[in-house]
Amino acid sequence: MASKQPDALLGPESDSQRTQYPYVTGTSVVAIKYKDGILMASDMGGSYGSTLRYKSVERIKPIGKHSLLGASGEISDFQEILRYLDELILYDNMWDDGNSLGPKEVHNYLTRIMYNRRNKFNPLWNSLVLGGVKNGQKYLGTVSMIGVNFEDNHVASGFGNHLARPILRQEWHENLSFEDGVRLLEKCMLVLLYRDRSAINKFQIAKITDEGVTIHQPYSLKTNWEFSAFQNPSQGAVGTW
Amino acid sequence: MSTSDVELPPKGGFSFDLCRRNEMLSKKGANPPSFRKTGTTIVGLIFQDGVILGADTRATAGSIVCDKNCEKIHYMAPNIYCCGAGTAADTEAVTDMVNSQLQLHRYHTGRESRVVTALTLLKSHLFKYQGHVQAALVLGGVDVTGPHLHTIYPHGSTDTLPFATMGSGSLAAMAVFESKYREGLTKEEGINLVCEAICAGIFNDLGSGSNVDLCVITKGHKEYLRNYQVPNHRAHISSKGFTFPKKTEVLLTKITPLDEKVEVIEAGDAMEE
């Protein structure tokens, strides 16, 4: 018989298990503030464990008029979050008062959801990146699955924190142009493609400015495998492994 | 008589005798202390004339920095150096051991050591100990066959690469390398890139810090640049220094001379029989 820990605190619900493991996951999302607004990039892969099961998953979605939400982690939880946000935006529109929820408000709402779910030991297994522009004010923040939230000039989720943020800390500056911003994001995504096993070579870049949201068509980056050391690694010692 | 009476000398390598007992203990909940990475960023890259190795200088014991300026680039041979990450005692001991073996080998063959020799000695030793010698190394050097750069993992596997990073800061350093490395770098470009990579580790990883050490190896020549960059110097030192507010008053002086109790035996070698 499998060992079950007695859940005296849970009472009659002690038969249900709340711990979760993610099943279909997305990998990193990277986002930066630039001159006109926010740029966000992610790849389009959905991994089922170690299999790359889905290759056209859109992990960046527009929220209302002023925000973009990118998510890594469990895809089904991301879809649930989108439904919550849909309801939120709908109720906001029903007021019909000329005001609309900005990125700061949406970020706060998401933080509350994530933290409260974590407190009930039933987390939504996602790391969210929320960016947007309202009345010229740019906003970029992140929420993790345990409710840790902060805002910064550049954020990343998952592996992006280890591989992309060092690059961004060195090379980001205020008032990047659109081209420079995209080039910087592509630099980060290329490193992630080389060094993250769950990344695929199919990216989407999304942009949000005061004018609105643009999510570009997916495209791939050029990779370089032509180092001479890769051509014949055992030339120094024939028969080595 | 029975073979159990004969005590065989230990054959060397990892002894699996206690493995069953350890497994049984783990199942009962008594786990051994887990692998402790001592926090490092070490890198190496191949440029047009040879190899450049780089390392940070922080040694940690848990969450305390126990040495602010340690040396992680170890000498193996006049033309081969090795950076070590992981348990400091293991990296020191294993590089020291292979250094001595290489020297004996040089006397035996009369030739300059080759990087693959050091590589094979290190990997065989580490594999023999099944990963319990926790040393992750970046080995680089220039010999008659050209410049070489290898990484060696604690279990004994190796890679031969144009650029490599190891340690807790390896992801930050690798991000710099992957975006900026190209073939045929000059010495200045190579040094700058290695410094950038180590600095990325120092400023983005908590296990790495303090200064940048470099070692540039080319054919027939090597430069060991200790503390090449000091981005974390003590910035705010009081110019007045520190003085104690008042001198200690002497209230009483009492001197007690110690009696001589030692008898010195003079003349004659007491040891000689």
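Modeller: Start with one pair of residues: I32(A) has H154(A) as its bridge partner, in strand 11 of chain A. This is a predicted model, where local features need pLDDT of at least 70, side-chain atom pairs count only at pLDDT 80 or more, and totals for chains, interfaces and linings use all residues. Residues are numbered from 1 along each chain as its sequence is written, chains are lettered from A and ligands numbered from 1 in the order in which they are written, and side-chain values use heavy atoms, with hydrogens and water left out.

Now the strands around that pair. Strand 2 of chain A, residues 29–33, runs antiparallel to strand 11 of chain A, over 3 bridges. Two strands pair if DSSP finds at least two bridges between them. Strands (E, at least two residues) and helices (H or I, at least four) are DSSP runs, numbered from the N terminus.

Next, the whole sheet. It is open and antiparallel, with 5 strands of chain A in the order 11-2-3-12-13. Strand 11 (154–156) and strand 13 (212–215) of chain A are the edges, and each pairs on one side only. On average, neighbouring strands are turned by 10° against each other, direction ignored. Axes are lines fitted to C-alpha atoms, for helices over the stretch in contact, and angles run from 0 to 180 degrees between N-to-C directions.

Two helices complete this view. Helix 3 of chain A (160–171) packs on the sheet and touches strand 2 and strand 11 of chain A. Contact means heavy atoms within 4.5 Å. The direction of helix 3 makes about 165° with that of strand 11 of chain A. Helix 4 of chain A (178–195) also packs on the sheet, touching strand 2, strand 3 (37–43) and strand 12 (203–209) of chain A. Its direction makes about 25° with that of strand 3 of chain A.
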